[in-house]
Amino acid sequence: VQCSFDITVTQEGPVCDAVAPQSVHWLDHLTVQLPATDDGCPDPLTWTLDSDGGLGGTLSVAGGSLEYDPVCADVGGTYLVEYTVSDGAKDCQGSVEVTVTNDAPTIVCPDPADDGFLCDGNVINDNDGLFNLGELIEGQADGDDLNGDPLTYSLISAAGPGALGNAPTVNPNTGEFSWQSEATDAEGDYTFCIEVTDGCQTDTCCFTITMDLNFYVKILDSTGTVDTIPTFPGEVTCAYVNIFPDLPLGGLDLLLCYDRTALTFLGGVEPLGDFDAWEYVTYRHGVNSNCVDPCPSGLIRIVAIADMDNGPDNHPEEDEFGLEGNVMKICFQVTSDWNFLGQCLPIDFCSYDCGDNTLSSKDGTTLYVEHGSLVDCPDPKPGKDALEEIDFCGGAICIREPQDARGDLNLNSIANEVADAVLYSRYFIEGIDVFSSVEQTRLVQIQASDVNNDGVTLTVADLIYLIRIITGDAQPFPDDAGQPKIAPYANSADVVTDTRNGRLSITTDAAVELGGAVLTFRYSDVAFDKAQTTEASEGMAVTSKASRGEFHVLMAPEYQNLSAIQTGRNEILSVPYEGNGTIELVDVQLADAEGRLLSTNHQSMAKLVPQSYALLQNYPNPFNAGTVIRFDLKDASDWNLTIYNITGQVVRTFSGHNEASRVNVQWDGRDINGNETASGVYLYKINAGDYTSSKKMTLIK
């Protein structure tokens, strides 16, 4: 029997699903899924590219995914990409619309009329945009890109009335424009054009500077080139008055103002070069600077006359009337307060009347004044000239950040570790030479020593706090300025020394637990044994060393148990010695167990009597939380200590009666009513019997 049947072979074929239009930034990568389904058997599908639609970038279609890397040439266009999906028997066609985008960058040029150009960090001239021949011109081009693409800046043209002695430059990464003009450059208008690009599109801006032959007086460094003078806290730093170009002068009247909260004028103006040949050079500051009445501190008036016409043999040489370059040096003591790190302290030219900051011609017929300063001043009298010819540019002393953090005394980039404590301990016994011999590096180490953040460097309180950090008993203070600080000298302690029967004894009396001490004795004709702890100081570590007439003793907690000396009166140290010479305690530091510096009052049972009355410099100075004022009494005396502000007003008084001895008086920076006093210079005056003396001190908050 035969039979037959029919077999029908079917194939549905794939279906290409619609794909939404795609948009891609020209610097990004585009990945698009191209969905397709096979309604029949699950046959494997393949994708092939039919048309790239004219895209110039790298394009591929495989495995159901479109991959595309755009190029700049594709920006602004919309492209139809076509593809085929096949199951091996039947096909379907699909497409996707691709748009390549980019937001062009924008640029805004610096504007002389908008203070865009800087005279070494200060505005050259707000009124007419003029600058001086030989000036360093700086400005920042402000570029923006909505896509956040990296921008590149370039100078594309520079044109003016003549060839430039130095080529202007533009920092490709920041857009900072810089041009050091030459005295040989012609006067007139100079136009500069800067271009910015994101690698695809560009924008351009142009600006014009008018160069005129004006003179300037600046505050610069010793090289006469930089107006931001670097320093470290506590350093003596000098600024220089610089004049350019050479101008025959007969006199000058300058009024400088400075940041008195962190700078202390050291009271000297040193003439340099030809200025040293001028016959009359003087300065005044503070209440004597003749600026206003009363005159605030932070001002220095400098007045000079080249020729006093006082005889045929006393005239300056002809070329000495002309001043150019650094003509005088002015020095300041910079605050040692850690909280000023990273700040620039301005030194500028300030005017209170029309005679401030003026230069006279050699013959006295012409007065050179600052641009724009005549607006509020009377017109010159007939036959007399006042020319707006001078630009006055201030500067600044900038306190540099240490290269390492607080507590990193050995500068190994690891703060508050045991090696820092070892080095710190050596300092108290061996002195400052344990630190680097390089001055700037040593200053960094000294600044790093303020471990307890009280604004006072190199104290036993810092060492105690460092030991607490190492043992996990305390947390390091952050480096951020403005953090709360430990207040030094909030508590006090008495120290009594006694020398009997070949033994030096040190006894303390304190209302707080003591964490450590540093003592320095001056001696002669005596041989010391090692300092020893007592029952009260058992568990403390003691190190001592006698050398060149000084005996140093350091007592600090043991790392194992953080011992402390209990409150009250305790003998804390005993030192055997031989000889019949002299022993005098010349310096003592005590700190409590928390790492806070204490004010100390010393009494010697040996009754070492000062040979004369003396008022000593307060310590520390400058200070920001408290200070100790010391004076010597030759005889038993009633005494009065008075603290005045710079205007002569009484701020605080102390009085007492002491036998012949050295007396220590603590001042916490508060006035008679208990209010905190402002930063500034203060005077302190002692009256004891017929003895009177006064000194200055500086409070910095």
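**View 1. Cys193 is buried, with 10% relative accessible area.** Here, buried stands for under 20% relative accessible area, exposed for over 50% and partly exposed for values in between (1.4 Å probe, protein chains only). The model is predicted: local features need pLDDT of at least 70, side-chain atom pairs count only at pLDDT 80 or more, and totals for chains, interfaces and linings use all residues. Residues are numbered from 1 along each chain as its sequence is written, and side-chain values use heavy atoms, with hydrogens and water left out. The partner of Cys193 in a disulfide (a pair of cysteine sulfur atoms within 2.5 Å) is Cys206, and the two sulfur atoms are 1.9 Å apart. The link of Cys193 and Cys206 is right-handed, with 105 degrees about the S-S bond. Cys193 belongs to strand β18 (residues 188–197) and Cys206 to strand β19, so the pair ties together parts that are 13 residues apart in sequence. Helices (H or I, at least four residues) and strands (E, at least two) are DSSP runs, numbered from the N terminus. Cys206 is partly exposed, at 45% relative accessible area.

**View 2. A disulfide joins Cys109 and Cys205.** The structure holds seven disulfides. In the one shown here, the sulfur atoms of Cys109 and Cys205 lie 1.6 Å apart. About the S-S bond there are 75 degrees, and the link is right-handed. Because Cys109 sits in the loop between β10 (106–108) and β11 (118–119) and Cys205 in strand β19 (residues 202–211), the pair ties together parts that are 96 residues apart in sequence. Cys109 is buried at 16% relative accessible area, and Cys205 is buried at 9%.

**View 3. Cys344 and Cys398 form a disulfide.** Their sulfur atoms are 2.0 Å apart. The torsion about the S-S bond is about 105 degrees, so this disulfide is right-handed. Cys344 is in strand β27 (residues 344–349) and Cys398 in strand β31 (residues 395–399), so the pair ties together parts that are 54 residues apart in sequence. Cys344 counts as partly exposed at 45% relative accessibility, whereas Cys398 counts as buried at 11%.

**View 4. The largest nonpolar core has 42 residues.** A nonpolar core is a set of buried Ala, Val, Leu, Ile, Met, Phe, Trp, Tyr and Cys residues joined through side-chain atoms within 4.5 Å. The members that touch the most other members are Val241, Leu252, Leu254, Ile302, Met328, Ile330 and Phe332. At least two residues of this core come from each of β20 (215–220), β22 (236–258), β23 (263–271), β25, β26 (322–334), β27, β30 (385–393) and β31. Strand β22 gives the most, with nine residues. A second, separate core has 29 residues, among them Val434, Ile446, Ile486 and Leu554.

**View 5. Phe332 and its contacts beyond four places in sequence.** Contact means heavy atoms within 4.5 Å. With neighbours within four places in sequence left aside, the residues in contact with Phe332 include Val236, Tyr258, Leu263, Phe265, Leu266, Ile300, Ile347 and Ile397. Glu235, Thr237 and Thr264 are also in contact with Phe332.

**View 6. Glu270 and Lys329 form a salt bridge.** A salt bridge is a side-chain nitrogen of Lys or Arg within 4 Å of a carboxyl oxygen of Asp or Glu. By this rule the count comes to 13 salt bridges. The closest N and O atoms of Glu270 and Lys329 are 3.4 Å apart. Glu270 lies in strand β23 and Lys329 in strand β26, so the pair ties together parts that are 59 residues apart in sequence. Glu270 is partly exposed at 38% relative accessible area, and Lys329 is partly exposed at 22%.

**View 7. Arg468 and Glu594 form a salt bridge.** The closest N and O atoms are 3.2 Å apart. Arg468 is in helix α3 (residues 460–470) and Glu594 in the loop between β40 (582–592) and β41 (597–604), so the pair ties together parts that are 126 residues apart in sequence. Arg468 is buried, with 10% relative accessible area, whereas Glu594 counts as partly exposed at 37% relative accessibility.

**View 8. Asp498 and Arg500 meet in a salt bridge through their side chains.** The N to O distance is 3.0 Å. Asp498 is buried at 17% relative accessible area.
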